[in-house]
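Subject: Structure handover

Dear colleague,

Please find the structure below for your records.

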Amino acid sequence: MVLAGCSASTESPGAGDGEPLKIGVLVPLSGAAGPNGKNVLEGVQAQVDIINDEGGVDGRKIEVISRDDQSTPATGVSMATELIDEGVDVIMGGWNSPVTLAIQPITVRADVLNITSIPQNASILGGADETAVRMNAGNAIGGYTAAKYLSDTVGAKRVAMLLQNDAYGLDAGAFVKKNLPSDVEVVAEEKFEYTDTDFRVAISNVLAAKPDAVYSANAAESSGQPALMQQLGASNIGFPYFAGTGTVSHTVVETAGADAVDTISADLYFPDAEPWASYERNVTFMKRFEADNSATPDKFAALGAQSVEVWAQAVTAAGSAERQKVADEIHGGSFKNTILGDVSFTEKGQQIFPMYAFKVSAQEITVLDQIEIPEKIWEE
């Protein structure tokens, strides 16, 4: 494991025992988000294989143990407990905000670090688990990004919202409204459940409000989000549609099909586009992932792999896999030559990276301009 960007310790992690380090992966492997959780797990495994081939972390191999959280908090708590009983050194997951918030008391009590790849609820950081780390953009960042694009680029004055009725969707909508200029009015707000796939009534209500743009927070990337894009397309809405940051992957685009509504969003990883295509570590990851899975990694897989990359560097720097020591290396730290290039973390544990707008039309993804995000937004 090549260390870059962290201060090295003289103590080796678990020196002398030679036992493998254990990563617990808690994601949905069944249900609506099952395919996305599988992508995260495949990304984790690919990066673990790369690091093991390079000699492991200070000579110790890494072992992956996975559990299916079924996107439900109660199952997530049960499965997190099983992973802790297996002696994992870190838990990477869960997939959605309600599960992640539910497992935090369990990981804190067990003194096991939690690195979340995907969930965006603001209270995941700095709440029940002060050592938690987040790789994805949080809702504060997504809300600022959406509001900035809708007001400055689209020029919208009347915005309608379609919000998932849970800790993710309501939190995301609140941050969009917080960041919209005072002369932009929210003219409609429709809510739906995570498992919903029929949005025709909600879309009809949105159209009746005569918006000039619509925003959605729909984290059901394998079912609800593609269905929403299809039904908006069938409704010929005639105004821009902005999907919440991080909810439109390659899989979503393929599932939604060519007749889906033209979609604008923003994200942190496009494997074949610059600058990611020139990052040495990303090239290595892509080759390994494609060889193992016969598919190009999406953002979810990349964030799973990035979780492993950052954690392994931090364990090496800390000279230990202990929760607090590793968290201290990540919070406020910086890491070079990662899958996402050179990245840093806020003092609360939020990963900082460039965010780019993109457009999907007839299943073609076009990367647009970078959206500059003020430092204070990353700290929220």
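Rings of Phe, Tyr and Trp (its six-membered ring) are taken to pair if their centres lie within 6.5 Å; planes under 30 degrees apart count as stacked, over 60 as edge-to-face and the rest as tilted. By this definition the structure holds ten aromatic pairs.

This is a predicted model, in which local features need pLDDT of at least 70 and side-chain atom pairs count only at pLDDT 80 or more, while totals for chains, interfaces and linings use all residues. Residues are numbered from 1 along each chain as its sequence is written, and side-chain values use heavy atoms, with hydrogens and water left out.

Aromatic pairs

Trp95 and Phe300 form an edge-to-face pair, at 5.1 Å centre to centre and 65° between the planes. The pair links distant parts of the chain, 205 residues apart: Trp95 is in the loop between β3 (90-93) and α3 (97-110), and Phe300 is in helix α10 (residues 299-318). Helices (H or I, at least four residues) and strands (E, at least two) are DSSP runs, numbered from the N terminus. Both Trp95 and Phe300 are buried, that is, under 20% relative accessible area (1.4 Å probe, protein chains only).

Ring pairs also link Phe270, Trp276, Tyr356 and Phe358 into a cluster.

Cavities

On a 1 Å grid over the protein atoms alone, a cavity is a set of points where a 1.4 Å probe fits but cannot get out, and a pocket is an open set with protein on both sides within 12 Å along at least five of seven lines; lining residues have an atom within 4 Å of a point. Grid points are joined across faces, edges and corners, and a volume is the space filled by probe spheres set on the points.

There are four cavities of 30 Å³ or more. The largest cavity has a volume of about 80 Å³, and its lining includes Trp95, Tyr168 and Glu221. The second largest cavity has a volume of about 70 Å³; among its lining residues are His250, Phe270, Asp298 and Phe358.

Largest pocket

The largest pocket holds about 190 Å³ of space. His250 and Asp298 are among the residues that line this pocket, and α1 (34-53) and α8 (250-256) each supply at least two residues of its lining.

Yours sincerely

Conventions
Buried < 20%, exposed > 50% of the residue type's maximum accessible area, 1.4 Å probe, protein only.
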